[in-house]
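Subject: A structure for you to explore

Hi there,

Here is the structure I promised to pass on to you. Please open it beside this email and follow along as you read.

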Amino acid sequence: MSDSYKLVYFNIPGLAETTRMLFMLAGQRFEDHRIERADWPAIKESPETPFKNLPYLVVTKSNGEQWLLAQSFAISRYIASKFGLNGVDLEEQAKIDMHVENGRDLLPAVIKIMRSEGEDKEAAIKDLKENLLPPF
């Protein structure tokens with residue numbers, strides 16, 4: 001029996017989507033446990049959420065031992081490394097990390113756009129285009 005995986009996140013793509021895609025690329029089955037916002041306060045206080053945030057990954061080893069990993073980028077890097085999707089050598093791994101970090105730099109601006117409306121949204125899009133995207 002091989003290890004099994006339970007990915008816990010809200011019922012949206014968000015920060016867990018990269019990990020979901022990595023599991024699919026690897027052809028690895030996993031439990032995609034999606035929670036509703038209304039259930040979050042109780043889950044947040046459970047021992048399974050050490051940093052009081054989502055996503056987190058529960059890994060059950062073939063011997064039944066479980067361990068937990070939190071933080072979306074740590075989870076994605078672990079899954080990518082576990083299933084051979086994190087580069088073939090140190091140089092390729094560094095390049096992958098570079099692009100991941102570039103994506104992380106864009107995340108606050110994208111979230112601001114998603115949460116804005118009207119003129120605020122237009123200003124946030126303009127800021128993203130003019131100040132963050134030019135290097136890409």
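Does Trp40 count as buried or exposed, and what is its relative accessibility? Please bear in mind while you look that this is a predicted model. With a relative accessibility of 14%, Trp40 counts as buried, because the cut-off for buried is under 20%.

Aromatic rings

There are six aromatic pairs in the structure. In one of them, the ring centres of Phe10 and Trp40 are 5.5 Å apart and the planes stand at 75°, so this pair is edge-to-face. Phe10 belongs to strand E1 and Trp40 to helix H2 (residues 40-44), so the pair links distant parts of the chain, 30 residues apart. Phe10 is buried too, at 9% relative accessibility.

Another pair to look up is Trp67 with Tyr78: the centres are 5.2 Å apart and the planes are at 85°, so this one is also edge-to-face. Here Trp67 sits in strand E4 (residues 66-70) and Tyr78 in helix H3, eleven residues apart. Trp67 is partly exposed, and its relative accessible area is 28%.

Strand E1 and its partners

Now turn to E1. Five of its seven residues are buried, so E1 is largely enclosed by the rest of the structure. Five bridges connect E1 with strand E2 (residues 31-35), and these two run parallel; Lys6, for example, has Glu31 in E2 as its bridge partner. Strand E3 (residues 56-60) is also joined to E1 by five bridges, but that pair runs antiparallel, with Leu57 in E3 as the bridge partner of Leu7. Together, E1, H1 and E2 form a right-handed β-α-β unit.

The largest pocket

The largest pocket has a volume of about 760 Å³. Its lining is made of 28 residues, and those nearest the centre are Gly14, Leu15, Thr18, Ser72 and Leu107. Strand E1 (4-10) and helices H1 (17-26), H3 (72-82) and H4 (90-115) each give two or more residues to this lining. H4 provides the largest share, eleven residues. By type, the lining has 16 nonpolar, seven polar and five charged residues.

One last stop

Finally, find Val88 in the loop between H3 and H4. Val88 is exposed, with a relative accessible area of 72%. From Val88 to Ala109 is 21 residues in sequence and 32 Å in space, C-alpha to C-alpha.

Enjoy exploring!

Best wishes

Note on methods: Residues are numbered from 1 along each chain as its sequence is written. This is a predicted model: local features need pLDDT of at least 70, side-chain atom pairs count only at pLDDT 80 or more; totals for chains, interfaces and linings use all residues. Side-chain values use heavy atoms; hydrogens and water are left out. On a 1 Å grid over the protein atoms alone, a cavity is a set of points where a 1.4 Å probe fits but cannot get out, and a pocket is an open set with protein on both sides within 12 Å along at least five of seven lines; lining residues have an atom within 4 Å of a point. Grid points are joined across faces, edges and corners, and a volume is the space filled by probe spheres set on the points. Helices (H or I, at least four residues) and strands (E, at least two) are DSSP runs, numbered from the N terminus. Ala, Val, Leu, Ile, Met, Phe, Trp, Tyr, Cys and Pro count as nonpolar, Asp, Glu, Lys and Arg as charged, and the others, Gly among them, as polar. Buried means under 20% relative accessible area, exposed over 50%, partly exposed in between (1.4 Å probe, protein chains only). Two strands pair if DSSP finds at least two bridges between them. A crossover is right-handed if, with the strands pointing away from the viewer, the path from the first strand over the helix to the second runs clockwise. Rings of Phe, Tyr and Trp (its six-membered ring) pair if their centres lie within 6.5 Å; planes under 30 degrees apart count as stacked, over 60 as edge-to-face and the rest as tilted.
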